[in-house]
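Subject: Structure handover

Hello,

Here is the structure you will be taking over. Please open it alongside this message; the notes on what was found follow below.

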Amino acid sequence: MHAFSVTEFLNLANNALRDFWDQSAFVVEGEVTDFRVSRGQWVNFSIKDEEGLLPCFMVAYKLHLPIQDGMKIRIHGYPRIYPKYGKFSFNVETVELVGEGDLQKALKLLRKKLEKEGFFDPERKRELPRFPQKVALIASTESAAYGDFIRIINERWRGIQIDAYHVLVQGQRAPKSIIQAIEAAQKTDYDALILTRGGGSLEELMAFNDEGLVRALHGSRIPTLVGIGHERDTSLAEDVADVRASTPTDCARRLVPDRGDILYEISMREQGIANELQDTLAEKQRIIQNATSQAINWLTALREKQSQSEERLEQLARHWFQTLEDHVESLTRFCGSFDPAFVLKRGYAYIEAHGKILTSVNTLEANAKIKIHLRDGARSATINKK
Amino acid sequence: MTTKKTKGDFASKFKELEDIAEWFEKGEPDIDKGMKKFERASALAKELKTVLEEAENKIQIIRSSNEE
């Protein structure tokens with residue numbers, strides 16, 4: 001007989017449990033009961049069925065779903081006896097919801113929680129650039145959604161660079177795969193980040209309701225465009241996205257404009273500019289013509305005014321000269337009346353002695369030589385006596 | 001898929017074309033400036049059309065190292 005210490009026995013039991021339990025193949029399904037979170041770090045709950053109860057332990061950061069008592073879940077992880085207290089529990093790595101009703105209930109709870117944090121506020125929505133040059137596409141490159149997206153982009157646009165991050169879009173590992181791609185894309189200067197997949201059931205699309213994924217999208221510094229094909233209720237990933245599309249095809253349409261429309265717009269702009277320039281030139285020409293004809297009119301008016309002035313000046317001058325001439329003539333006549341010759345003609349004479357005209361007899365001595373001037377000449381004479 | 005690198009940024013060129021159109025719509029009177037802007041607009045329109053008619057889309061698939 002072999003005696004084990006308690007610790008040895010517990011280790012043996014735990015090793016046996018680990019060897020027996022194939023984590024990748026086994027899960028346990030049951031209804032949640034007694035769910036509680038302590039200090040925001042540890043999650044304790046049990047799952048039960050009609051006859052049994054399994055205590056479960058989980059670290060809080062691994063839980064991405066809002067769990068409530070009564071929900072039916074599937075747990076991934078391993079069973080273990082906690083040596084210190086000898087308590088058997090299931091160490092939960094991931095939780096999956098089973099049953100549409102529970103999925104919807106969980107989704108509602110998570111939506112409410114994120115809503116409170118302002119994740120879906122319209123004011124935080126960013127616009128996508130009109131002409132994205134370089135984008136990150138997060139999708140399964142093996143999916144029809146990927147093919148549809150690329151086909152529509154190629155139909156509509158030219159010159160875009162698409163970095164397609166291949167991810168898992170379904171199953172337990174999908175959220176992590178997508179979160180990693182979102183984080184990797186943040187290192188590049190993309191104009192937009194697109195997350196898309198085709199339609200599926202609520203269960204198939206649960207990755208797009210994963211809290212971690214929604215938080216990663218919310219934290220993206222690149223504007224996000226999310227389009228998941230489905231018939232009912234939108235996923236949280238779509239609600240948190242800056243722009244939401246209904247399908248992968250719609251994603252492509254929302255990302256790039258139709259090049260035909262843009263070519264038309266360019267032509268219209270070009271034509272508009274040419275017309276405006278032509279109008280401006282015509283207007284300038286009209287202004288110049290107007291100015292020229294005004295200058296000509298002004299010159300003509302000036303010339304006319306000048307010629308009128310010249311005529312007036314000539315008239316004035318003529319009148320002035322005439323007046324002057326008349327004045328000179330009357331002065332001449334007036335002066336003529338003082339001419340001695342004019343007096344001599346009337347029978348008067350004057351006497352000159354020694355070159356001087358005599359005006360008194362007192363100056364004449366006997367024998368003085370004098371000269372007598374008459375109308376037609378002069379004669380010399382001598383004074384007989386005084 | 002082969003790639004033909006597009007010269008410059010489509011968005012900024014388109015914006016410049018729009019700005020020129022707006023400048024003309026405002027009815028700026030400067031003919032010299034107008035002629036220069038018209039020439040620039042024609043060049044931009046040509047470049048933009050070339051991108052839309054001749055450039056190709058470049059698609060690159062990135063697989064994460066710890067996938068599958």
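Which strands of chain A does H4(A) lie across, and at what angle does H4(A) run to S6(A)? H4(A) lies across S6 (134-139), S7 and S8 of chain A, and runs at about 170° to S6(A). Angles here run from 0 to 180 degrees between N-to-C directions, with axes as lines fitted to C-alpha atoms, for helices over the stretch in contact. Helices (H or I, at least four residues) and strands (E, at least two) are DSSP runs, numbered from the N terminus.

Two notes on conventions. Residues are numbered from 1 along each chain as its sequence is written, while chains are lettered from A and ligands numbered from 1 in the order in which they are written. The model is predicted: local features need pLDDT of at least 70, side-chain atom pairs count only at pLDDT 80 or more, and totals for chains, interfaces and linings use all residues.

Chain A

Chain A has nine helices and 14 strands. Of its 386 residues, 26% count as buried, that is, with 20 or more other C-beta atoms within 10 Å of their own, the C-beta atoms being placed from the backbone. Contacts are counted when two C-beta atoms, placed from the backbone, lie within 7 Å. Among the contacts in chain A between residues at least 6 apart in sequence, 62% join residues at least 24 apart.

H4(A) (residues 174-185) also packs against H5(A) (residues 211-218), at an angle of about 15° and with the axes 9 Å apart. H4(A) is therefore roughly parallel to H5(A), a term for angles under 35 degrees. Residues of H4(A) in this contact include A:Ile178 and A:Ile182, and those of H5(A) include A:Leu213 and A:Leu217. By class, the contact has seven nonpolar residues, one polar and one charged. Ala, Val, Leu, Ile, Met, Phe, Trp, Tyr, Cys and Pro count as nonpolar, Asp, Glu, Lys and Arg as charged, and the others, Gly among them, as polar.

An open sheet of six strands runs in the order S10(A)-S9(A)-S8(A)-S6(A)-S7(A)-S1(B), with parallel pairing. Strands pair if DSSP finds at least two bridges between them. The edge strands, each pairing on one side only, are S10 (243-245) of chain A and S1 of chain B. Neighbouring strands are turned by 20° against each other on average, direction ignored.

Within the sheet, S8(A) (residues 192-197) and S9(A) (residues 224-228) pair over five bridges, and A:Ile194 has A:Leu225 as its bridge partner in S9(A). Between the chains, S7(A) (residues 161-166) and S1(B) pair in the parallel sense over six bridges. There, B:Arg63 is the bridge partner of A:His166.

Where the chains touch

The contact between the chains takes 34 residues from chain A and 33 from chain B. On the side of chain B, H1, H2 (31-54) and S1 (58-63) each supply at least two residues, and H2(B) gives the most, with ten. That side has 19 nonpolar, six polar and eight charged residues.

One helix pair spans the two chains: H8(A) (residues 259-336) and H1(B) (residues 10-25) pack at an angle of about 30°, with their axes 9 Å apart. They are therefore roughly parallel to each other. Among the residues that meet are A:Ile273 and A:Leu277 in H8(A), and B:Leu17 and B:Phe24 in H1(B). This contact divides into seven nonpolar, one polar and four charged residues.

Regards

Definitions and conventions
Parallel < 35°, antiparallel > 145°, perpendicular 65-115°, else oblique. Buried ≥ 20, exposed ≤ 12 C-beta atoms within 10 Å, placed from the backbone.
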